[in-house]
Amino acid sequence: MEIGQRGFYSRREAGQRLAQALLTYQHCREVWVLALPRGGVPVAYEVAIALGAPLEVWVVRKLGVPGQAELAMGAIAAGGVCLLNRPLIEKLGIDDTALRQVIAAEQRELIRRQHCYRGDRPLNLHNQTVILVDDGIATGFTCRAAIAALRQQQPARLILATPVAAPSALESLAPWVDQTVSLLQPARLGAISLWYTQFGQTTDEEVRRLLEAVISHRSRTDN
């Protein structure tokens, strides 16, 4: 893969390039950048810095099939949203007990991450413009859960932004948002990691550090 023509060097570099496509919202009041943690946070950090906007996280957890954790049978999001892929669940014969166990485990992790990343910071998105950022969209299932939860907040405008996305996923999500922004929409997406040279795991510590860096940056520029 040749960086600059087909992919990105890192999430931070991808965020810088994504920000250029979102400059319409630069220094606009009532604009929030929300990241899907953990991988979406380094991308969203660069967007928030470029736009002069606050950055927060919106926690979503994939519900993995028992024994095949990478295969999503649903997703949950902050705000109490739970979306299930019923045809897949029925096809694989996953019973209600197993499903409830997965949901409970992911709900515990969702609560842990919310507390870890945001603590008690309030987040009121009513009548705000929200830019929801992830590092890539393959199926769109977790994004759909996040969008459903965010709509409960009644934002004035909801934009979905990502460096790379499967065209079919972006098409399925488009009716649920006001705008989609994707730099790359390859016909054969494969794994999101294939579109980055560096795609290491984003840690809790890095998420907290980047969130705090945006708060510090905005404090300096506002004074």
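**View 1. Aromatic pairs in the predicted model.** A search of the whole structure finds 2 aromatic pairs. Rings of Phe, Tyr and Trp (its six-membered ring) pair if their centres lie within 6.5 Å; planes under 30 degrees apart count as stacked, over 60 as edge-to-face and the rest as tilted. The rings of phenylalanine 8 and tyrosine 196 have centres 5.6 Å apart and planes at 40 degrees, so this pair is tilted. Phenylalanine 8 sits in the segment before H1, and tyrosine 196 in the loop between strand S8 (179–184) and helix H7 (204–222), so the pair ties together parts that are 188 residues apart in sequence. Helices (H or I, at least four residues) and strands (E, at least two) are DSSP runs, numbered from the N terminus. The model is predicted: local features need pLDDT of at least 70, side-chain atom pairs count only at pLDDT 80 or more, and totals for chains, interfaces and linings use all residues. Residues are numbered from 1 along each chain as its sequence is written, and side-chain values use heavy atoms, with hydrogens and water left out.

View 2. Phe8, Tyr196 and Phe199 form one aromatic cluster. Phenylalanine 199 is partly exposed, with a relative accessible area of 28%. Buried means under 20% relative accessible area, exposed over 50%, and partly exposed in between (1.4 Å probe, protein chains only).

**View 3. Helix H1 against helix H2.** The axes of H1 (residues 11–20) and H2 (residues 40–51) come within 7 Å and cross at roughly 40 degrees. That makes H1 oblique to H2. Axes are lines fitted to C-alpha atoms, for helices over the stretch in contact, and angles run from 0 to 180 degrees between N-to-C directions. Angles under 35 degrees count as roughly parallel, over 145 as roughly antiparallel, 65 to 115 as roughly perpendicular and the rest as oblique. From H1, the contact uses Arg11, Arg12, Gly15, Gln16, Leu18 and Ala19. From H2, it uses Pro42, Val43, Tyr45, Glu46, Val47, Ala50 and Leu51. Contact means heavy atoms within 4.5 Å.

View 4. Isoleucine 137 lies in the loop between strand S6 (129–133) and helix H5 (141–151). At 2% relative accessibility, isoleucine 137 counts as buried.

**View 5. Backbone features on either side of strand S1.** Most residues other than glycine have a negative phi, and most peptide bonds are trans. Histidine 27 has phi near 60 degrees, a positive value. Histidine 27 is found in the loop between H1 and S1. Histidine 27 is exposed, with a relative accessible area of 62%. Glutamate 30 has a positive phi, near 65 degrees. The loop between H1 and S1 holds glutamate 30. Which form does the peptide bond from proline 37 to arginine 38 take? This bond is cis, with omega near 5 degrees. Arginine 38 is found in the loop between strand S1 (31–35) and H2.
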